[in-house]
Amino acid sequence: MTVASNAPVTIIKRKKIIAAGHHGGAWKVAYADFVTAMMAFFLLMWLLGSTSESQRKGIADYFSPTIPINAVSGGGSGSFNGDSVFSEETLAQSGSGASENYHSDNDKSRGDTGIATDGESDAESQMAREQLNEIADMLTGKSGESMVSEELARHIVTRVTDEGLIVELFDLPGAQLFQGDSMTATPLLQELVKVVSGVFALTQNKIAIAGHVRSQPVVRVDTEVWDLSSARAHSVRAMMRSPERGDTRLQRVTGFADRKHAVNNPMSVRNNRIEMILLR
């Protein structure tokens, strides 16, 4: 044995040390994205469950770039939509023009305040409205003296609109204006038409008549509501016709069938009515 073989063996162990870097925080970013997405998801579920259909449509319209957020548009074309002194161009238009294909001139504003009709000033418009209110008070007794008895007044409702004074004559349970579902007027309607015609005779305004009937309980292919409403309106026209003037004051006679209800129940007798309109 040699001396070199008896020497101790030196073993060198090399340990590879890896320094801790920033790669260990990548999961935090992914987790934050996941939490944000879940929060948005639960917020969406809460909105769907706590809002109505119209509210959800409004939220959807808000985020839609093709639909304006503000439905009310100004009339002016300058800065802030208002460089004109005329109400027709400056007053906001928020009517039903967007929902109707054909709308009348009543939707448009006129005059300084937007309520005057063609050819009249605001003062004349206000005077015409006051005159119509006075005529309405004669029928309802608000002025202290009524031209209608209490029994007849139960069948009369008046309202003043931009079109004119609307006097509505309607059925009540057990007290109908026409006999059954016919166009034959009862004595009650004849007395009502006589009283209203006497009040209308105090003016020179044109007159319009509109007939309305209630819906039928059975849906049929050939419905009679159109013919019946028109026939009842023409029956009232014949009762209003005077030997001296004939139909010179009548502007139109219309039948609306059962398309415009006065009450929520479409088959209620309250929907059987005649509208006598004193036009402006």
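The side chains of E151 and R154 meet in a salt bridge, with N and O 3.1 Å apart; a salt bridge here is a side-chain nitrogen of Lys or Arg within 4 Å of a carboxyl oxygen of Asp or Glu. The model is a predicted one, in which local features need pLDDT of at least 70 and side-chain atom pairs count only at pLDDT 80 or more, while totals for chains, interfaces and linings use all residues. Residues are numbered from 1 along each chain as its sequence is written, and side-chain values use heavy atoms, with hydrogens and water left out. By the rule for salt bridges, the count comes to 10.

**Overall architecture**

- The chain has seven helices and five strands; helices (H or I, at least four residues) and strands (E, at least two) are DSSP runs numbered from the N terminus.
- Read from the N terminus, the order of elements is α-α-α-α-α-β-β-α-β-α-β-β.
- Of the 280 residues of the chain, 28% count as buried, where buried means under 20% relative accessible area, exposed over 50%, and partly exposed in between (1.4 Å probe, protein chains only).
- The accessible surface of the chain comes to about 19,300 Å², and carbon and sulfur atoms contribute 57% of that area; the areas come from the Shrake-Rupley method with a 1.4 Å probe, and for residues only the protein chains shown count as cover.
- Among contacts in the chain with a separation of 6 or more, 62% are between residues 24 or more positions apart; contact means heavy atoms within 4.5 Å.

**Salt bridges**

- In the pair E151 and R154, both partners are partly exposed, because E151 has 47% relative accessibility and R154 has 41%.
- E168 forms a salt bridge with R159, and their closest N and O atoms are 3.3 Å apart.
- E168 counts as buried because its relative accessibility is 5%, whereas R159, at 34%, counts as partly exposed.
- Salt bridges that share partners join R159, E168, R270, R273 and E275 into one network.
- Within that network, R273 pairs with E275, the closest N and O atoms being 3.9 Å apart.
- Both R273 and E275 are buried.

**R273 in strand β5**

- R273 is found in strand β5 and counts as buried because its relative accessibility is 5%.
- The side chain of R273 reaches the backbone oxygen of N271 at 3.1 Å. This is a polar contact, defined as a pair of N or O atoms within 3.5 Å; within protein, one must be able to donate a hydrogen and the other to accept it, and residues adjacent in sequence count only if both atoms are side-chain atoms.
- Neighbours within four places in sequence aside, R273 is in contact with E168, L169, F170, A210, G211, H212, K260, H261 and A262.
- R273 and R214 are 59 residues apart in sequence, and their C-alpha atoms are 8.6 Å apart in space.

**The loop between β4 and β5**

- N272 is found in the loop between β4 (250-255) and β5 (273-279), and N272 counts as buried because its relative accessibility is 8%.
- The side chain of N272 reaches the backbone nitrogen of R214 at 2.8 Å.
- Apart from neighbours within four places in sequence, the contacts of N272 are L169, F170, D171, H212, V213, R214 and R232.
- A257 lies in the loop between β4 and β5 and has a positive phi of about 55° although it is not a glycine.
- A257 is buried, because its relative accessible area is 0%.
- N265 also lies in the loop between β4 and β5; N265 counts as partly exposed because its relative accessibility is 42%.
- N265 and S215 are 50 residues apart in sequence, with a C-alpha to C-alpha distance of 9.0 Å.

- Rolling a probe the size of a water molecule over the atoms shows where empty space is left.
- The structure holds one cavity of 30 Å³ or more. On a 1 Å grid over the protein atoms alone, a cavity is a set of points where a 1.4 Å probe fits but cannot get out, and lining residues have an atom within 4 Å of a point.
- About 40 Å³ of space lies in the largest cavity; grid points are joined across faces, edges and corners, and a volume is the space filled by probe spheres set on the points.
- The largest cavity is lined by D181, V213, R214, Q216, L228, R232 and N272.

Definitions and conventions
On a 1 Å grid over the protein atoms alone, a cavity is a set of points where a 1.4 Å probe fits but cannot get out, and a pocket is an open set with protein on both sides within 12 Å along at least five of seven lines; lining residues have an atom within 4 Å of a point.
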